[in-house]
Amino acid sequence: MDENKSKRSDLDIANEFDRLFNEIPEPETDEEIREFLVESGYDPEALKAQGREFVHNLIATNWRFVSSNEIDEAVTKIDEVPTRKEWSRSQLTKAIQKLSAALTIGGKQPSLAFRNLEELTDSDLAVILQELEYKARASGVDFDLSQG
Amino acid sequence: MDEKKRQLLNDFPWEETYPKLVAFAEWVIQGKNWSSGVLPKGQTAETIVQDVITKTLTGKRNWDPERGDLLDWLKWVIKSDISHLAESAANKRDVRLDSLSNDPAVDQIEYKAGRESRVRPQDASPEEAMIAVETEDELMASARLKIDSLLEACSGKPELEEIVYAISDGKCSAKPQDLSKYLGRPIKNINQRLRALRRRASKIRIEAENGRE
């Protein structure tokens, strides 16, 4: 037998199967999907539960999914906290550091943990302090800024 | 993110969709070649799906509700991400020459290119001629392995055997519709068998490749 012809035949057959497999449509109906998942080693019911929990957690921790009403309410409450405009830069910085530490201990890591306060204006510092005071009050974290 | 889009994402039936997305990702994964039989970077169908959902919900990948259905969008991103993963250096590093492309037409081009370089030895350096012969030998070995895997996958399963032999014996062309007519079975049933055959054969081939390393 011509060995080269035999080799071509193997290649032709393998290629025909490759082409055939590329033509199979993906599983589409609920029944096909379920069957395919089970054959591939998945538990469809467990996947449903995992998917529900995963997306629920993702949405719950994502600020993009907070409604504009909730944001408006939070802004109103933050504005109820007085800004310490009369405080010196040193007082503002110390108070921010103190509140950040209190929030961290209380398990409410403030988002400004890595910000360089020295680069911010006094006005920015006053706003940050206002938001931290709001966060601490809302989270029930005890703090005392009487020492500035 | 605007209110309408947020609402659509919030109201989307994620619980029902998640298994569909995992099935789709698994389907695409099974149709690609992976070095050592696994995805690079420890990825799985589930991690890819979760990553795509996260990117969509956080706006990292921007779904435009005006331009199409969310399920179609998610599938498109999943397919795109898996393709990138298959083409990534991490996957290519260990993939054999014979499995670089899943497209048989590309295999043919590579095969022909190998033959052409071989029939013009005066143009090829000894090293190039040697590589061409090795490439052709690898293609042949790969084809034999694919056929052996198919035969093993269908062994003892008459519903798969009749498909494999119909094609390998040249009794029927390699198209699901033609197989449906030839075997007198509904196309859905043929597609279902073909999925099982592809998955089994692929598993056997990967195990054989890993075993010979």
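pLDDT is the predictor's confidence in each residue, on a scale from 0 to 100. The structure here is a predicted model, so local features need pLDDT of at least 70 and side-chain atom pairs count only at pLDDT 80 or more, while totals for chains, interfaces and linings use all residues. Residues are numbered from 1 along each chain as its sequence is written, with chains lettered from A and ligands numbered from 1 in the order in which they are written.

Confidence comes first. The complex gets an ipTM of 0.72 and a pTM of 0.64 from the predictor. For chain B the mean pLDDT is 81, with 78% of its residues at 70 or more. A contact here means two residues whose C-beta atoms, placed from the backbone, lie within 7 Å.

On to chain A. Its element order from the N terminus on is α-α-α-α-α-α, that is, six helices and zero strands. Some 19% of the 148 residues of chain A count as buried, the cut-off being 20 or more other C-beta atoms within 10 Å of a residue's own; 12 or fewer makes a residue exposed, and anything in between partly exposed, again with C-beta atoms placed from the backbone. Of the contacts in chain A with a separation of 6 or more, 74% join residues 24 or more positions apart.

Helix α6 of chain A covers residues 122–139, and its 18 residues reach 25 Å from first C-alpha to last, close to the 26 Å expected at 1.5 Å a residue; the expected span is 1.5 Å times one less than the number of residues. The buried residues of α6(A) are A:L125, A:A126, A:I128, A:L129, A:L132, A:E133, A:K135 and A:A136, and their cover includes α5 (89–105) of chain A. After α6(A) comes A:G140, with a positive phi near 75°.

Where the chains meet, chain B puts in 43 residues and chain A 38. On the chain B side, α2(B) gives the largest share, 10 residues. By class, that side has 22 nonpolar, nine polar and 12 charged residues (Ala, Val, Leu, Ile, Met, Phe, Trp, Tyr, Cys and Pro count as nonpolar, Asp, Glu, Lys and Arg as charged, and the others, Gly among them, as polar).

As for nonpolar cores, each is a set of buried Ala, Val, Leu, Ile, Met, Phe, Trp, Tyr and Cys residues joined through C-beta atoms within 7 Å. The largest has 27 residues, of which B:L21, B:V22, B:A25, B:V49 and B:I78 touch the most other members. Two or more residues each come from α2 (30–39) and α3 (44–60) of chain A and from α2, α3 and α4 (70–87) of chain B, with α2(B) giving the largest share, 10 residues. Leaving aside residues up to four places away in sequence, B:V22 touches A:L37, A:Y42, A:L47, B:A45, B:E46 and B:V49. A second, separate core of 21 residues includes A:L20, B:L150, B:I163 and B:A174.

One backbone detail remains. B:K41, in the loop between α2 and α3 of chain B, is a residue other than glycine with a positive phi, near 60°. B:K41 is exposed, with 10 other C-beta atoms within 10 Å.

Notes: Helices (H or I, at least four residues) and strands (E, at least two) are DSSP runs, numbered from the N terminus.
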